[in-house]
Number of protein chains: 2
Amino acid sequence: MEKGKRHISLKDLAQELGVSISTVSRALNNHPDISPNVTRKVQKLAAEMNYSPNPLAMGLLKQATRMIGVIVPDLVTHFYSSIISGIEHIAEEKGYYILIASSNESLKKEIKAVENLMKTRVEGLIVCLSQETKTYEHFDRLINNHIPLVFFDRVCRIDKVPSVVVDNVDAAQKITSHFCKNGFQRIAYIAGPDHLNISQQRTQGYLSGLKKCGLEFRSELLVKCNMSTLDATKVTAALLELSIRPDAIFGINDTVAFAAMKEIKRRGLRIPEDVALVGFTDEFHSTVVDPALTSITHPTFEIGQEAARLFFSRIENPDAEPIQKVLKTKLVIRKSSVR
Amino acid sequence: MEKGKRHISLKDLAQELGVSISTVSRALNNHPDISPNVTRKVQKLAAEMNYSPNPLAMGLLKQATRMIGVIVPDLVTHFYSSIISGIEHIAEEKGYYILIASSNESLKKEIKAVENLMKTRVEGLIVCLSQETKTYEHFDRLINNHIPLVFFDRVCRIDKVPSVVVDNVDAAQKITSHFCKNGFQRIAYIAGPDHLNISQQRTQGYLSGLKKCGLEFRSELLVKCNMSTLDATKVTAALLELSIRPDAIFGINDTVAFAAMKEIKRRGLRIPEDVALVGFTDEFHSTVVDPALTSITHPTFEIGQEAARLFFSRIENPDAEPIQKVLKTKLVIRKSSVR
DNA sequence: AACCTTTGCGCAAACCTTTGCACTATTTTA
DNA sequence: TAAAATAGTGCAAAGGTTTGCGCAAAGGTT
């Protein structure tokens, strides 16, 4: 079989049967106008020749590609791949495909990804902002043209764009309370960049958690990092070198917590005896490190599913008020934070 | 802006400028027939109105969608997501997008994925077989029609289909030799299902490694599992309960090795003093477990890149002899296997 | 002055599908 | 028996793009 004839079309069927293309089309769609006789013949041949409608032609006609663009900071973190899994799950049910692009945490690549995906005529976008993203003009065209758009986890423009997030304030409070209940007094928090909603909210939860436990806030125990392993190691070192060092640390995510764990161990300190540790996101390997890491589980698969559901409600009704879906997290207590 | 007019077309430009559609098309493609004057005007307006050609129309015309279907056993394992990253990297350079489907290690879902992706008119497929896949008829249509197809890691039909794999025999030999050099005598191997090329090859490397070191093969030390955590735990337990237990174990992949690690620890045995342990695949968390896990690093990103490259050479020349690309692995020695 | 070449552009087909409308037989109704 | 209704099909347009071919006007050659 030569190139360019890999798929058969209505035309092929029509020729074979000696009827017109429109008859074939109608027969396949069970249009009542077509005689049962012809309908049967057409459907039989179509099945035999393994016909399937050309989505390009349909797309052109209906102006709908049945594709969703998904932009994530990276593809390799379990958190994102699991969310993508959730999105895919719902998309598949609806007969949609997803086109994935990763921003690599770069604003520039994110902008490019938005452009490219729009060029491919996806019907809309589901996005988790890159770490660098502080300006949002690249989403204006979508918003103004009412093209479905959904943010998750790292979000913006929540007045205009539906989003799904976890209750970060609550989660950070849970951690702080947990430390407090277990007798820790000097609780440190390694935060992320200020412009990220997740970082802000977790900080807020940390602060209100302290207050609730009657602990005083000490500014030297609240430090920031850019969420890289390297930077996290550095700020952990700084924490451990304080004249009075913290007896408990929680990191904005597990990557940060793992880095902290290594640094703590490297200095010959014991977890949780000398310093307790809690992470955030509950990556798979939390259970496999020693000691097992207490962490906040994210309902990643559900986040993906919810995002996809919001997306489809957007497809159906592009002008409804955008809503924000807040999912609850769970604190999973393991050895790293209990003595 | 109302629905259905989100993108502007050649027609819009033509109308605006009072020329024909074909003139606009040619002007945008810098066709010499069009006067510089008109060309300039057209290109200016196109830029202003932010025109981009409709890929659906192009696809219809050229019978090319610039999309690649990718099927992986799952999306959430680092191994696969990293390979996907590699594929995406090359695809992006070529202006291609990838459509991802996961088989969830199920043959049925894999067959469905092949069907669905073909229906969406991807130009070809890059596939890692599911664990269940022992029959390959679902690829026949692609092979017979010369539709580009590339396998990686878990492969079949290598006489017909280009593939990229790692040198599993060599890798397993490296592990066995490493154990031997460190004085371990009773080396056990937890294999996977027989029909997987990777499992077979690693077994072969294990055997030849033993021979090279002058160690005798003992059938009770070669066990199989279905690569799930549960099953791996079970067979590890069996190994540890042998009248003379192994002093070293290597698992077919890191998931298996982690399961083994937990079981060994649970029984109060020390690693590597009582039992040494080596994994395969070098997932990220190898470094974070305690003791850090010796493992074979896979050049995952390169595997993805190579697979994509093979794919594109297939696009250009669908009838060339299929080649198999074999990539080398590296043994990364950590604490779990050295005493 | 009569013819040929070049320049610059438009027409229409092709890719594939759906669907409103028109058309031809056949059957029903008055 | 003539008129009207019905059943079963085909035509053509639309959606966006490229491209072979045709065509007109302008310029150049004897």
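Predicted model: local features only at pLDDT ≥ 70, side-chain atom pairs only at ≥ 80, totals over all residues.
For chain A overall, the mean pLDDT is 90, with 98% of the residues at 70 or more.

Okay, staying with helix 11 of chain A, that's where you find Lys265(A). Together with Lys335(A), Lys265(B) and Lys335(B), Lys265(A) forms a positive surface patch. Lys265(A) counts as partly exposed because its relative accessibility is 33%.

Now a patch of another kind. Leu60(A), Leu60(B) and Leu61(B) make a nonpolar surface patch of about 260 Å². Leu60(A) sits in helix 4 of chain A, residues 55-62, and at 32% relative accessible area it's partly exposed.

On to the backbone. In chain A, the peptide bond from Ile271(A) to Pro272(A) is cis, with omega near 0°. That proline, Pro272(A), is in the loop between helix 11 and strand 9. Over in chain B, the bond from Ile271(B) to Pro272(B) is cis too, with omega near 5°, and Pro272(B) lies in the loop between helix 11 and strand 9 of chain B.

Asn30(A) isn't a glycine, yet its phi is about 55°. You'll find Asn30(A) in the loop between helix 2 and helix 3 of chain A. And then there's Asp153(A), again not a glycine, with a positive phi of about 60°; look for Asp153(A) in the loop between strand 4 and strand 5. So which of these is buried and which exposed? Asn30(A) is exposed, at 53% relative accessible area, whereas Asp153(A) is buried, at 5%.

Conventions. Residues numbered from 1 in each chain as written. Chains lettered and ligands numbered in written order. Heavy atoms only, no water. pLDDT = per-residue confidence, 0-100. Patch = residues over 30% accessible without salt bridge, like charges linked within 9 Å, V, L, I, M, F, W, Y side chains within 5 Å. Areas by Shrake-Rupley, 256 points an atom, 1.4 Å probe, with all protein chains shown as cover. Salt bridge = Lys/Arg side-chain N within 4 Å of Asp/Glu carboxyl O. Lys, Arg positive; Asp, Glu negative; His and termini not counted. Charge placed at Lys NZ, Arg CZ, Asp CG, Glu CD. Helix = DSSP H or I, 4+ residues; strand = E, 2+ residues; numbered from the N terminus. Buried < 20%, exposed > 50% of the residue type's maximum accessible area, 1.4 Å probe, protein only.
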